Amino acid sequence: MASSLVSSPTSSFLRKIAFHKCKKQVSKKIVSVMAPQQSERKTYTTGSVKTGMTMTEKILARASEKQQLNPGDNVWVNVDILMTHDVCGPGSIGIFKKEFGEKAKVWDREKIVIIPDHYIFTSDERANRNVDILRDFCGEQNIKYFYDIKDLSNFKANPDYKGVCHVALAQEGHCRPGEVLLGTDSHTCTAGAFGQFATGIGNTDAGFVLGTGKVLLKVPPTLRFVMDGEMPHYLLAKDLILQIIGEISVAGATYKSMEFVGTTVESLNMEERMTLCNMVVEAGGKNGVVPADSTTFKYLEDKTSVPYEPVYSDAQASFLSEYRFDISKLEPLVAKPHSPDNRALARECKDVKIDRVYIGSCTGGKTEDFLAAAKVFLASGKKVKVPTFLVPATQKVWMDIYTLPVPGSGGKTCSQIFEEAGCDTPASPSCGACLGGPKDTYARMNEPKVCVSTTNRNFPGRMGHKEGQIYLASPYTAAASALTSYVTDPREFLC
């Protein structure tokens, strides 16, 4: 539940005024789809003058108990939530015990969230051992939020098990505006969709946070992306972030904050905003952030009782660069092998023959992603021509696939539509084959296949075989491609 500041009509009105004032400072010129606008931070020569701050600067200022921060400042930050999982958790725990002592206690057992999700449904002994290490540690420390799994034969027999950490964090109410959330996973930036600072850290930093609740961070400069225009019905947030990465490259936002604003962003639901923030790390970004609004607050209503206080960029805040989009001109995109910035129009790849389609991951395995795929299958009335693997991110997403009616389907669920289309049965919720994993991982590419995937990375070997080829795409494009066995623009089926 938000604090009184959040729900106050006056504060809401002032936020709108501040937002409009900020927009007035920006050039209205739109060149093609996107054009960068350079902005230099003003220099003050007399007195102690407080300058405007961006959202990221404000969040870190509050967390470091500073009145003012500027890009490049190094500050000790108080952490609100630390998340780790089965891949990096054991290493972080080992460092914590080495540096603080075998009997040391964590700084706050209620601010640590431990989520097994990466290498779960496998017979690999080392992968299974990692989950055992997490379980032992959580027992020793009495960790409140440990989402355990013991019965690997039936995930539904494990009521505490959730699935992919970045989606579970949101669903379980651990993401809140204005807070600092760190995780031992590069896609922790997903949580920036809630108007908070969220970024991935290494095991050493995580071990230190476990013992102190603090981390040393350098304040990043901010790139601002203004997206306006009505979102075409054949586009999803995946297309937006692929467009951005294609423009600025996989190094274009290195150690920078990426702030997303504009009428198009405001129209996105929370899961689509999560997709947008999820892939900022594929551009080298330190974090991604979307200003919290009524959509954010409504999503959080039944998920957290912890008070929170959102922050917003000042009207006079300075941004390293600003990019403006006219989204109405954008077409469905893919990222060709072997880099997320190898952008191409989906229609330009219509002659690329594919072997399989994968719909899943923290990027493309949320409820809205499966609803989008089902919409394409429903509109086509056809069966898939290649194996189509469905991996829900979490138990909740799995349940939604089997219970939520797809709009315009006459009451059919996603699972019914997927079955009629000839897709594989939805798998147990986890990270699955997004990052390869042990050889018995469901849908792993153990042979050099060509795959259209809703995941986030397409480097050689990412989904298994080092000679595999991965085309990153939205759920719309992935589903359309499954129906034709070629990379396909979803407009072929979405009239």
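Visitor: With which residue does E331 form a salt bridge?
Guide: In this predicted model, E331 lies in the loop between strand 12 (321-326) and strand 13 (333-335). Its partner lies in the loop between strand 14 (343-345) and strand 15 (356-360), so the pair ties together parts that are 16 residues apart in sequence. The closest N and O atoms of the pair are 2.6 Å apart, and the partner of E331 is R347.

Visitor: Is R347 buried or partly exposed?
Guide: The relative accessible area of R347 is 42%. Buried would require a value under 20%, and exposed a value over 50%. R347 is therefore partly exposed.

Visitor: How many residues apart in sequence are the parts that E172 and K162 tie together?
Guide: E172 forms a salt bridge with K162, with 3.7 Å between the closest N and O atoms. E172 lies in the loop between helix 6 (165-171) and strand 6 (180-183), while K162 lies in the loop between strand 5 (145-146) and helix 6. The pair therefore ties together parts whose separation in sequence is 10 residues.

Visitor: What separates R135 and D132 along helix 5?
Guide: R135 and D132 form a salt bridge, their closest N and O atoms being 2.8 Å apart. R135 is partly exposed at 24% relative accessible area, and D132 is partly exposed at 37%. Because they are three residues apart in helix 5 (residues 125-141), the separation of R135 and D132 is about one helical turn.

Visitor: How many salt bridges does the count come to?
Guide: A salt bridge is counted where a side-chain nitrogen of Lys or Arg lies within 4 Å of a carboxyl oxygen of Asp or Glu. By this rule the count is 24.

Visitor: Are helix 8 and helix 10 roughly parallel or roughly antiparallel?
Guide: Helix 8 (residues 237-248) packs with helix 10 (residues 270-278) at an angle of about 20°, and their axes are 8 Å apart. Helix 8 passes helix 10 in a right-handed crossing. Since angles under 35 degrees count as roughly parallel, the two helices are roughly parallel.

Visitor: What is the handedness of the crossing of helix 13 and helix 15?
Guide: The axes of helix 13 (residues 367-380) and helix 15 (residues 414-421) come within 9 Å and cross at roughly 45°. That makes helix 13 oblique to helix 15. The crossing of these two helices is left-handed.

Visitor: Which residues form a nonpolar patch on the surface?
Guide: One member is F100, which is in helix 4 (residues 89-100). F100 is partly exposed, with a relative accessible area of 33%. Together the members have about 390 Å² of accessible area, and they are W76, F100, F208 and L216.

Visitor: Is S361 buried or exposed?
Guide: S361 lies in helix 12 (residues 361-364). S361 has a positive phi of about 90° although it is not a glycine. Most residues other than glycine have a negative phi. The relative accessible area of S361 is 1%, so this residue is buried.

Visitor: Where is E65, which has a positive phi although it is not a glycine?
Guide: The phi of E65 is about 60°. E65 is exposed, with a relative accessible area of 67%. Its place is in the loop between helix 3 (55-63) and strand 2 (74-78).

Visitor: What separation have the C-alpha atoms of F459 and S339?
Guide: F459 is found in the loop between strand 17 (450-453) and strand 18 (469-473), and at 36% relative accessibility it counts as partly exposed. F459 and S339 are 120 residues apart along the chain, and the separation of their C-alpha atoms is 5.7 Å.

Notes
Residues numbered from 1 in each chain as written. Predicted model: local features only at pLDDT ≥ 70, side-chain atom pairs only at ≥ 80, totals over all residues. Heavy atoms only, no water. Patch = residues over 30% accessible without salt bridge, like charges linked within 9 Å, V, L, I, M, F, W, Y side chains within 5 Å. Areas by Shrake-Rupley, 256 points an atom, 1.4 Å probe, with all protein chains shown as cover. Helix = DSSP H or I, 4+ residues; strand = E, 2+ residues; numbered from the N terminus. Buried < 20%, exposed > 50% of the residue type's maximum accessible area, 1.4 Å probe, protein only. Axes fitted to C-alpha atoms, helices over the stretch in contact; angles between N-to-C directions. Parallel < 35°, antiparallel > 145°, perpendicular 65-115°, else oblique. Left-handed = near helix turned anticlockwise from the far one by under 90°.
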